[in-house]
Amino acid sequence: MDQILNYIGGELVPPKSSTYLDNFEPATGAVYSQVPDSDASDVQAAVEAAESAFQAWSHTPVAERSAVLLEISRRIQESIADLAEAESRDTGKPVSLAKAVDIPRASKNFDFFATAIKHVENESHQTDREAINYTLRDPLGVVGCISPWNLPLYLFSWKIAPALAAGNTVVAKPSELTPMTAYLLSQICMDAGLPPGVLNIVHGLGNKAGAAIVEHPAVKAISFTGGTNTGAEIARVAAPQFKKLSLELGGKNPTIIFSDCPHEDTLETVARSAFSNQGEICLCGSRIYIQCELYEDFRDDLVDKVKAMKIGDPRDEDTNQGALVSQQHMEKVLSYIQLAKDEGGRILTGGQREIVSGRCENGWFVQPAIIEGLDHTCRTNQEEIFGPVVTLTPFDTEDEVITMANSTPYGLSASVWTENLSRAHRVSQRLASGLVWVNCWMLRDLRTPFGGVKQSGVGREGGWEALRFFTEPKNVCIKLR
Ligand code: NDP
């Protein structure tokens, strides 16, 4: 059985306690590897390694830092088949999705920040004819990066790449549910020539290894992606130490479909935005609002489309719905489907556990569910389910749909479907969310700010936002004589 190791000081090392947790393959429900159950002593070793690497790494010329990160990007791309297979096995997601989305994006994250760092400009402000200011941006030191299980290497690298590019050293923890590609990344970093201690990866539980990173006084900033409750706990611990915090949290995203939408394109993308990665993407559109005159036609077409989705072994190239990440998560999703029924919802398709025969008969599969007949204020429509479950709600007017769309405690993303340009602008401006897609979904330009409002988070990732987060500005004011 594979035993995953921590990556500390440039070496692959076992946890100091020699204790491991079982790592499950969601598609089979069986244990297939073991992950270190690291504790504060492993985090301490990682922080010390990161502290001793900081001076040299932060003074390494930008071109050299960039070259190492580009080499990591290239090696991820070169290993795409192996990494995609590992990601699929660890998460339950279809291997085709990991190959098309997760791993290419992880490679792009390193490529993007490796090149972005070469184009940073320092600001300068002239104060009348009296003085000139310029702003220096220094790396923070040792930073902590903590990521979730749904897009493991994609989100892990989205934090690590800008942190390293800006000259910080990193102590990172992937989710203990999906540690495999972060482990494989350790080897890639070693082979690519990343100096020892620049990146340290500590595996283990959130409330143990993760909490030790957040609490450690030498860790200057925490970049976290995960659930809203965990984000609140991290803020509670980090705030009194005045650490910089970037929190990318949960979502309950509205999809707003006006009757003048481009029908085929909308149907195709809305089905994808609802059920990609079994609905386990923070950006998935889980509340679908459809204008009344289109409601029945669109509903029926969407139900047909979703019924045709193939639930099956994530290894099969034609599978488009894989397994949910854990038994516990599957049970949570099924309990929300029961709640929807209790709240008066009608299940139009799906909503049961699916038994996939053969090697996957004990896997954690759930049929994608479409539910109608619920009020927008009920729990099913207010709480994040993070699974293959969407609700359909009809609406008449823009005002009505904006009120419903903005009614949750979350505000991560929204998508709007209309051919009316003025309406697209109007509605986008009134939506309380960090990201709005018009006639598309998850179309990403890595230069744009990424993040949410309300309980979906604090701060933004992406482009300069990420590089600003991972640096401290210092203004130098020079009086002109
Ligand atoms: P969690 O909040 O449970 O965990 C996220 C990470 O934090 C994991 O590595 C976890 O470790 C760790 N962690 C847990 N408790 C602590 C703690 N006290 N201190 C430090 N670290 C801790 O989220 P999930 O992994 O369940 O991910 C799903 C959530 O992530 C959803 O709510 C989803 O919306 C959100 N998400 C947000 C995105 C965004 O960009 N806004 C993108 C993707 C997901 P462990 O796994 O061991 O618990």
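Buried means under 20% relative accessible area, exposed means over 50%, and partly exposed is anything in between. Keep that handy while you work through this predicted model.

**Exercise 1.** Work out which class Phe24 falls in: buried, partly exposed or exposed.

*Solution.* Start with the value: Phe24 has a relative accessible area of 35%. That lies between the 20% and 50% cut-offs, so Phe24 is partly exposed. Now try Trp364: with a relative accessible area of 6%, Trp364 is buried.

**Exercise 2.** Find how many aromatic pairs there are, then describe how the rings of Phe24 and Trp364 are arranged.

*Solution.* The count comes to six aromatic pairs. In one of them, Phe24 and Trp364 have ring centres 6.0 Å apart and planes at 55 degrees. Planes under 30 degrees apart would be stacked and over 60 edge-to-face, so this pair is tilted.

**Exercise 3.** Classify the pair formed by Phe112 and Phe113, then look around it.

*Solution.* Their ring centres are 4.9 Å apart and the planes sit at 90 degrees, so the pair is edge-to-face. Check accessibility too: Phe112 is buried at 17%, and Phe113 is buried at 0%.

**Exercise 4.** Say which arginine lies over the face of Trp158.

*Solution.* Look 4.5 Å from the ring centre and you'll find Arg105. For another example, the charged end of Arg423 sits over the ring of Phe258, 4.2 Å from its centre.

Key: Residues numbered from 1 in each chain as written. Predicted model: local features only at pLDDT ≥ 70, side-chain atom pairs only at ≥ 80, totals over all residues. Heavy atoms only, no water. Phe/Tyr/Trp six-rings, centres within 6.5 Å; stacked < 30°, edge-to-face > 60°. Buried < 20%, exposed > 50% of the residue type's maximum accessible area, 1.4 Å probe, protein only. Lys NZ or Arg CZ within 6 Å of the ring centre and 35° of its normal.
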